[in-house]
Amino acid sequence: MVLYPKGLTDVDRPLWDAAVAVLTTSYRTGRHEVAAAVRCTDGSIVTGLHLQGTAGRSSVCAEGVALGAVLVGQQDRHPGAPLDELVDTVLAVLHRPTPDGALLRIVAPCGVCRELLADHCPQAHGYVHLPDGTPSPVQLVEQDAPGIHGAPYLAAGRAQRVQVGELLPGSTRRAW
Ligand SMILES: [Zn+2]
């Protein structure tokens with residue numbers, strides 16, 4: 001049985017599944033620790049993987065990678081369409097080994113991603129993680145190395161669905 005974070009809506013469970021699937025195969029400690037899944041307005045799901053760089057600002061978040069992939073992947077069906085017409089929901093999942101075991105949890109967009117999302121698709125929805133309670137085990141399909149091993153724990157807390165524009169209250173929408 002696969003467990004999902006509290007607060008994650010049933011309709012958004014495939015986003016969790018898609019992001020965890022990416023981490024299951026592609027997680028690398030210190031290199032690729034966050035995966036993002038975007039549900040497009042046509043119902044398709046596009047994923048992205050975080051790229052850690054030696055210099056902090058050279059790192060690229062999974063959300064940005066996924067948004068670029070949405071634009072590329074939707075060109076055939078929606079040529080030239082901007083992200084605010086293409087993106088419905090963005091979900092990012094963090095996998096991080098800890099002394100108590102490997103944890104999986106939804107991770108809220110960082111400050112840079114909040115700016116990016118507010119610029120490109122402020123009407124889209126995303127998730128933040130509210131820490132609380134106790135961890136519970138997550139059962140994952142066994143995979144060969146590298147990626148995630150064993151049965152990581154779902155981090156304590158609950159997910160909260162939010163409109164991404166609300167993550168930057170008071171910001172003015174960019175006029176392109
Ligand atoms: Zn970010």
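Which residues are buried in helix 1? In the predicted model, the buried positions of helix 1 are Leu-15, Trp-16, Ala-18, Ala-19, Val-20, Val-22 and Leu-23. The helix covers residues 13–26, and its 14 residues should span 20 Å at 1.5 Å a residue; the computed separation of its end C-alpha atoms is 20 Å, which agrees with that expectation.

The protein chain as a whole contains four helices and eight strands. Their order along the sequence is α-β-β-α-α-β-β-α-β-β-β-β. Of the 176 residues in the protein chain, 34% are buried.

The largest nonpolar core comprises 42 residues, and the members that touch the most other members are Ala-19, Ala-35, Ala-36, Val-38, Leu-91, Ala-92 and Val-93. At least two residues of this core are supplied by each of helix 1, strand 1 (34–40), strand 2 (45–49), helix 2 (62–73), helix 3 (83–86), strand 3 (87–98), strand 4 (101–106) and helix 4 (111–120). Helix 1 provides the largest share of the core, with seven residues. Ala-19 is both a buried residue of helix 1 and one of the core members with the most contacts to other members.

The surroundings of Ala-92 illustrate how separate parts of the chain meet. When neighbours within four places in sequence are left aside, Ala-92 is in contact with Ala-19, Val-34, Ala-36, Ala-62, Glu-63, Ile-106, Val-107 and Pro-109. Two of these partners, Ala-19 and Ala-36, are also listed among the core residues that touch the most other members.

The arrangement of helix 2 and helix 4 was examined next. Two packed helices are described by the angle between their axes and by the distance between those axes. For helix 2 and helix 4, the axes come within 9 Å and cross at roughly 25°. Angles under 35 degrees count as roughly parallel, and helix 2 and helix 4 are therefore roughly parallel to each other. Their crossing is left-handed. Helix 2 contributes Glu-63, Gly-64 and Leu-67 to the contact, while helix 4 contributes Cys-113, Leu-116, Leu-117 and His-120.

Within helix 4, the buried residues are Cys-113, Leu-117, Ala-118 and His-120. These buried residues pack against helix 2, helix 3, strand 3 and strand 5 (125–130).

Methods: Residues numbered from 1 in each chain as written. Predicted model: local features only at pLDDT ≥ 70, side-chain atom pairs only at ≥ 80, totals over all residues. Expected span 1.5 Å × (residues − 1). Buried ≥ 20, exposed ≤ 12 C-beta atoms within 10 Å, placed from the backbone. Core = buried A, V, L, I, M, F, W, Y, C linked by C-beta atoms within 7 Å. Contact = placed C-beta atoms within 7 Å. Axes fitted to C-alpha atoms, helices over the stretch in contact; angles between N-to-C directions. Parallel < 35°, antiparallel > 145°, perpendicular 65-115°, else oblique. Left-handed = near helix turned anticlockwise from the far one by under 90°.
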